[in-house]
Amino acid sequence: MMPVETKTKIHEDSKKLVYQDSDVKKAMDLIRDHGYVTRDDFNQMDDEDWAEGFEKKISDAFLKVDGEDPYIYFEQFDFKGGDIDSIIFDMDQVGTRDHALQLLAEAIHQKAY
C-alpha cells in the first residue's frame, strides 16, 4: 500500500491545470493597473493549485517584457468562517503582506482575522 502522501501527490499532479494566454495577459494588465488579482478577477483562483501555477505563468510572462520586473507574489490567507483565499500581487505596488490581505478581503467581501 502506498503512503497517503504519495497518493495525494499523484492526484494533484494528474489534475489538469489549464491557463489561457488571454487570462495571463489580463492578469498582467490588472496587476499593472492596481497591483493584484483575486478570484474576483479569475474564479479559477478558488483552486489553490491553479492559483499557484497562475502566479508562475504571470511571473514568467513579466520576465519576457523589457523594462518590467515586478516582484510577483502568491499568498493565501484565512478568513473568518474558514475560507482560505489566494491573491497574486506585485509586492512593489502593494507594499506588505498585510496590505495584500486587506485588498483581498475587500475584493472578495470577507472579514480578515
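This is a predicted model: local features need pLDDT of at least 70, side-chain atom pairs count only at pLDDT 80 or more; totals for chains, interfaces and linings use all residues.
In what sense do β1 and β3 pair, and over how many bridges? The two strands pair in the antiparallel sense, over two bridges.

## Overall layout

The secondary structure of the chain comes to five helices and three strands. Read along the sequence, these elements follow the pattern α-α-β-α-β-β-α-α. The chain has 113 residues, and buried residues make up 39% of them. Among contacts with a separation of 6 or more, 52% join residues 24 or more positions apart.

## The sheet and the helices on it

The three strands form an open sheet in the order β1-β3-β2, with antiparallel pairing. Strands β1 and β2 are the edge strands, since each pairs on one side only. Within the sheet, tyrosine 36 stands opposite phenylalanine 89 in β3.

Helix α3 lies across β2 and β3 and runs at about 160° to β2. Helix α5 also packs on the sheet, where it touches β1, β2 and β3, and its direction makes about 120° with that of β3.

Helix α5 covers residues 97–108, twelve residues in total. From its first C-alpha to its last it reaches 16 Å, close to the 16 Å expected at 1.5 Å a residue. The buried residues of α5 are Ala100, Leu101, Leu103, Leu104, Ala105, Ala107 and Ile108. What covers them includes the strands β1 (36–37), β2 (72–78) and β3 (84–90), and also helix α4 (91–94).

## The residue after α5

Most residues other than glycine have a negative phi. Histidine 109 is placed in the segment after α5. Its relative accessible area is 72%, so histidine 109 counts as exposed.

## Aromatic rings

The count of aromatic pairs comes to six. Two of these pairs share phenylalanine 54, as the table shows.

| Pair | Distance between ring centres | Angle between planes | Type |
|---|---|---|---|
| Tyrosine 19 and phenylalanine 54 | 6.1 Å | 5° | stacked |
| Phenylalanine 42 and phenylalanine 54 | 5.0 Å | 70° | edge-to-face |

Why is the pair of tyrosine 19 and phenylalanine 54 called stacked? The planes of the two rings are at 5°, and planes under 30 degrees apart count as stacked. The pair links distant parts of the chain: tyrosine 19 is in the loop between α1 (4–14) and α2 (21–34), while phenylalanine 54 is in helix α3 (residues 48–63), 35 residues apart. Both tyrosine 19 and phenylalanine 54 are buried.

Phenylalanine 42 has a relative accessible area of 3%, so it is buried. Phenylalanine 54 has a relative accessible area of 0% and is therefore buried.

Ring pairs link Tyr19, Phe42, Trp50 and Phe54 into a cluster.

Technical notes. Residues are numbered from 1 along each chain as its sequence is written. Side-chain values use heavy atoms; hydrogens and water are left out. Helices (H or I, at least four residues) and strands (E, at least two) are DSSP runs, numbered from the N terminus. The expected span of a helix is 1.5 Å times one less than its number of residues. Buried means under 20% relative accessible area, exposed over 50%, partly exposed in between (1.4 Å probe, protein chains only). Contact means heavy atoms within 4.5 Å. Rings of Phe, Tyr and Trp (its six-membered ring) pair if their centres lie within 6.5 Å; planes under 30 degrees apart count as stacked, over 60 as edge-to-face and the rest as tilted. Two strands pair if DSSP finds at least two bridges between them. Axes are lines fitted to C-alpha atoms, for helices over the stretch in contact, and angles run from 0 to 180 degrees between N-to-C directions.
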